[in-house]
Amino acid sequence: MDMITLNHIKKIYRMGQERITALKDITLNFEKAKIYCLLGTSGSGKSTLLNLIAGLEKPSGGEIIFNGKHIETMSEKQLALFRQLYVGFVFQSYNLLPTLTALENVTLPLIFRRVPTKIRKKKAMEMLKAVGLENRANHKPSEMSGGQQQRVSIARAFINEPQAVFADEPTGNLDTKTTFEMMDLITGIARNRSQTLIIVTHDTEIADCADVVIHIRDGEVESIENNRK
Ligand code: ADP
Ligand code: MG
């Protein structure tokens with residue numbers, strides 16, 4: 001079953017007089033409960049593509065259908081609600097709030113959804129446990145290693161039980177050992193919960209963790225590789 005469909009997506013950035021074509025004509029399908037990797041060199045358009053699918057940016061042309069809903073025509077307000085309800089994010093730089101503890105950072109998406117405090121705390125502790133950080137709940141980001149901070153951000157991405165989780169170079173700042181621990185963690189949670197996961201990377205070893213590898217080159221899909229049939 002297709003969960004996300006992209007039809008003839010284009011993205012052109014305007015910088016003064018210059019026009020930069022980041023995405024040329026992308027048509028793709030993403031199925032529920034599968035793990036995808038967008039693989040390509042720096043500047044190929046991976047982050048742009050991910051941001052469009054996640055409703056963070058708008059395409060210059062084409063359509064994006066997420067669970068039957070056209071997101072390219074949504075207003076900023078509708079997009080904000082769409083992101084709250086359906087998607088989770090993991091960033092290369094973790095993007096945790098420095099003044100909040102691990103537990104508080106994980107509860108944030110639930111605050112926006114007005115979940116009562118007690119339930120919020122309980123759910124956040126469960127998520128911290130799932131990422132192996134129950135003994136760091138009261139630590140601030142500056143009191144944790146990069147790997148631990150990324151675990152917190154993974155817990156935060158999944159706490160809403162989103163239908164899709166998007167990760168842009170999630171291991172870009174981590175050493176090799178931590179990278180593979182993190183990939184096992186994020187793919188394990190997504191598989192357990194039948195969520196769709198889309199990971200952006202330039203690293204072919206990380207791409208091996210995916211069911212489907214989509215090779216991106218110069219703003220176009222170069223090829224699609226099925227790792228598991
Ligand atoms: P990747 O994530 O694969 O490294 P990006 O999607 O970030 O690539 O960028 C694709 C192309 O679009 C690059 O040429 C980049 O310079 C350009 N680009 C990305 N974001 C912007 C922006 N906000 N304004 C202008 N050009 C941009
Ligand atoms: Mg990028």
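How close do the axes of helix H5 (residues 146-158) and helix H6 (residues 176-192) come, and at what angle do they cross? They come within 11 Å and cross at roughly 10 degrees.

## Basis

This is a predicted model: local features need pLDDT of at least 70, side-chain atom pairs count only at pLDDT 80 or more, and totals for chains, interfaces and linings use all residues. Residues are numbered from 1 along each chain as its sequence is written, chains are lettered from A and ligands numbered from 1 in the order in which they are written, and side-chain values use heavy atoms, with hydrogens and water left out.

Helices (H or I, at least four residues) and strands (E, at least two) are DSSP runs, numbered from the N terminus. Axes are lines fitted to C-alpha atoms, for helices over the stretch in contact, and angles run from 0 to 180 degrees between N-to-C directions.

## Helices H5 and H6

With axes crossing at roughly 10 degrees, H5 is therefore roughly parallel to H6. Angles under 35 degrees count as roughly parallel, over 145 as roughly antiparallel, 65 to 115 as roughly perpendicular and the rest as oblique. H5 passes H6 in a right-handed crossing. A crossing is right-handed if the near helix is turned clockwise from the far one by less than a right angle, and left-handed if anticlockwise.

On the H5 side, Gly 147, Gln 150, Arg 151, Ile 154 and Phe 158 make the contact (heavy atoms within 4.5 Å). They meet Thr 178, Glu 181, Met 182, Leu 185, Ile 186, Ile 189 and Ala 190 of H6. By class, this contact has seven nonpolar, three polar and two charged residues. Ala, Val, Leu, Ile, Met, Phe, Trp, Tyr, Cys and Pro count as nonpolar, Asp, Glu, Lys and Arg as charged, and the others, Gly among them, as polar.

## Helices H3 and H4

The axes of H3 (residues 102-112) and H4 (residues 117-130) come within 9 Å and cross at roughly 125 degrees. The two helices are therefore oblique to each other. H3 passes H4 in a right-handed crossing. H3 residues in the contact include Leu 103, Val 106 and Leu 110; those of H4 include Ala 124, Met 125 and Leu 128. The contact of H3 with H4 has nine nonpolar, one polar and three charged residues.

## The open sheet

Six strands form an open sheet in the order S6-S7-S8-S3-S9-S10, with mixed pairing. Two strands pair if DSSP finds at least two bridges between them. Strand S6 (87-91) and S10 are the edge strands, and each pairs on one side only. The twist averages 15 degrees from one strand to the next.

Phe 166 in S7 is the bridge partner of Phe 89. Helix H2 (residues 76-86) lies across S6 and S7, at about 85 degrees to S6.

Buried means under 20% relative accessible area, exposed over 50%, partly exposed in between (1.4 Å probe, protein chains only). Ile 35, Cys 37 and Leu 39 point one way from S3; Tyr 36 and Leu 38 point the other way. S3 runs parallel to S8 (residues 196-201) over five bridges, and Ile 35 stands opposite Leu 197. S3 also pairs with S9 in the parallel sense over four bridges; here Leu 38 stands opposite Ile 214.

S9 (residues 212-217) and S10 (residues 220-226) pair in the antiparallel sense over six bridges. They form a hairpin with two residues between them. Asp 218 in the turn has a positive phi of about 50 degrees. His 215 stands opposite Ser 223 in S10.
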